[in-house]
Amino acid sequence: MYLTVAASVLAQSTLGGWSRPLGPALVDLSDFSRTGIQVAPQWSATVHGLRGTTKLMSVYDGEMYYDSINQRSKQALVTPFTLFSDHDVLHSETLAKNQSGLNINMTLGQGTDTVCKAMQEPYSDMFQWTQYAQRNGTLVVHGQTCDVWALAVKTSTLSTCLRADGVPLLYNQTVPGTLQQMSIEFSNHTVGPAPESVFAPSDACGHHYPTTPCAAKGKATLDVYRIHDAAEPRELHGRNVGDSLGDMAFVCTQGAAESYGDSLVSYWQMDVDTAFGQYGYCLYIEGQNKCYGGTGKQVGRESAMGIDGGDKLGQCSNNSRVGSWLSIPTEGECKDGQEVGQNCSWGNAKRIRTVNASCILHDRGLLDMCEKEIGHAPFAKSAEIFAKALETNDPTKGGCPDISEEPLDLVSVLI
């Protein structure tokens, strides 16, 4: 017996709850007996949660709708995001259904500035595991008594506290061997089915996916950067990259030293069609890199964390405060003799240099500068240190030494 554990719920990045989703994990339960309990099949609740790592924990509030009878769920969350300033807020809505096609729909943004990220992945019921759990005492949560049920598997340690009617008051998940964790409090429950309209696609997913490309402004040559594992092939097909300012959303976070200290950073120049599509998530799945949720062959673009976009989360904006992220679809590459913009969206990609991330973070003082600029975007001085470290190998000019080793094999995409 295998169970799909909802790793994607936890792994949606604490850098925003959406930027780097990971698929659910299959867990072998052949050694477990079905002696646990089943959660109430249909309910909704207000949620207050924490997720991320012990170094970078984000707080969110919102609503959750759970329907195991029809195998679907919905979360609508609001997450304060203080990396760039103390007034940025991230809005996300995730609708998941056990059906064929694009069964995971994430709507990001607010009001008219929303974008749908539609993906296909195995449906995961975040409470399915409870039927294999063991009872582990009782708790009183906000004046209500509940029974604790827990299960430890290879990929996660899970626990929940259920009222007598089967609705949860608490949910906790940690990933062994990592700093990742998630904790949710549930309140203001409504037991029973939610209105059918709750599970309807958002306007962005129902009518505006994918977004239309930006107005064409010709070809541009861009400097882009990628943080990656040493074993990853040096190529851009089906990968996410960022400009120097956009990558500060990763390297200026708490815990960056632990997350990226053993990684490499590559600096590329490439020609792109500026009729950008929406930003896609480029993942390594089933032996290949592929971008999901983008606009066909178009190079995808988004402001870092989708903040300050003003136009489809930064797809067509200058993103001068937080920088830009890009997704590079394999099918958009220009072949020999093709001009960028003529039925292809990118080409002439050239890797300029690859260096150790530790040199940039520590030896060139990027982490120290980040600490001074956090909360006061744009991180102009931090981005300058980052770019200079990759422009030259001359330490007197802020450069880092080159890495010459060739990668050994394919590994999971990091960003």
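How many helices and strands does the chain have? The model, which is predicted, shows 7 helices and 22 strands. The chain runs to 415 residues, and 55% of them count as buried. Its accessible surface comes to about 18300 Å². Carbon and sulfur atoms account for 48% of that surface. Contacts also reach across the sequence. Take those between residues at least 6 apart: 63% of them join residues at least 24 apart.

Now turn to two helices. Helix α6 covers residues 366-373, and helix α7 covers residues 380-391. Their axes come within 8 Å and cross at roughly 165°. Angles over 145 degrees count as roughly antiparallel. α6 and α7 are therefore roughly antiparallel to each other. The crossing of α6 past α7 is left-handed.

Which residues in α6 and α7 meet? From α6 come Leu366, Met369, Cys370 and Glu373. From α7 come Ala380, Lys381, Ser382, Ile385 and Phe386. By type, the residues of this contact split into 6 nonpolar, 1 polar and 2 charged.

Phe386 leads on to another part of the chain. Serine 244 lies in a loop, with β15 (239-242) on one side and α3 (248-251) on the other. Is serine 244 buried or exposed? Its relative accessibility is 19%, so serine 244 counts as buried; the cut-off is under 20%. What is serine 244 in contact with, leaving aside its neighbours within four places in sequence? The contacts are Tyr225, Ala383, Phe386 and Ala387.

Definitions and conventions: Residues numbered from 1 in each chain as written. Predicted model: local features only at pLDDT ≥ 70, side-chain atom pairs only at ≥ 80, totals over all residues. Heavy atoms only, no water. Axes fitted to C-alpha atoms, helices over the stretch in contact; angles between N-to-C directions. Helix = DSSP H or I, 4+ residues; strand = E, 2+ residues; numbered from the N terminus. Parallel < 35°, antiparallel > 145°, perpendicular 65-115°, else oblique. Left-handed = near helix turned anticlockwise from the far one by under 90°. Contact = heavy atoms within 4.5 Å. Nonpolar A, V, L, I, M, F, W, Y, C, P; charged D, E, K, R; others polar. Buried < 20%, exposed > 50% of the residue type's maximum accessible area, 1.4 Å probe, protein only. Areas by Shrake-Rupley, 256 points an atom, 1.4 Å probe, with all protein chains shown as cover.
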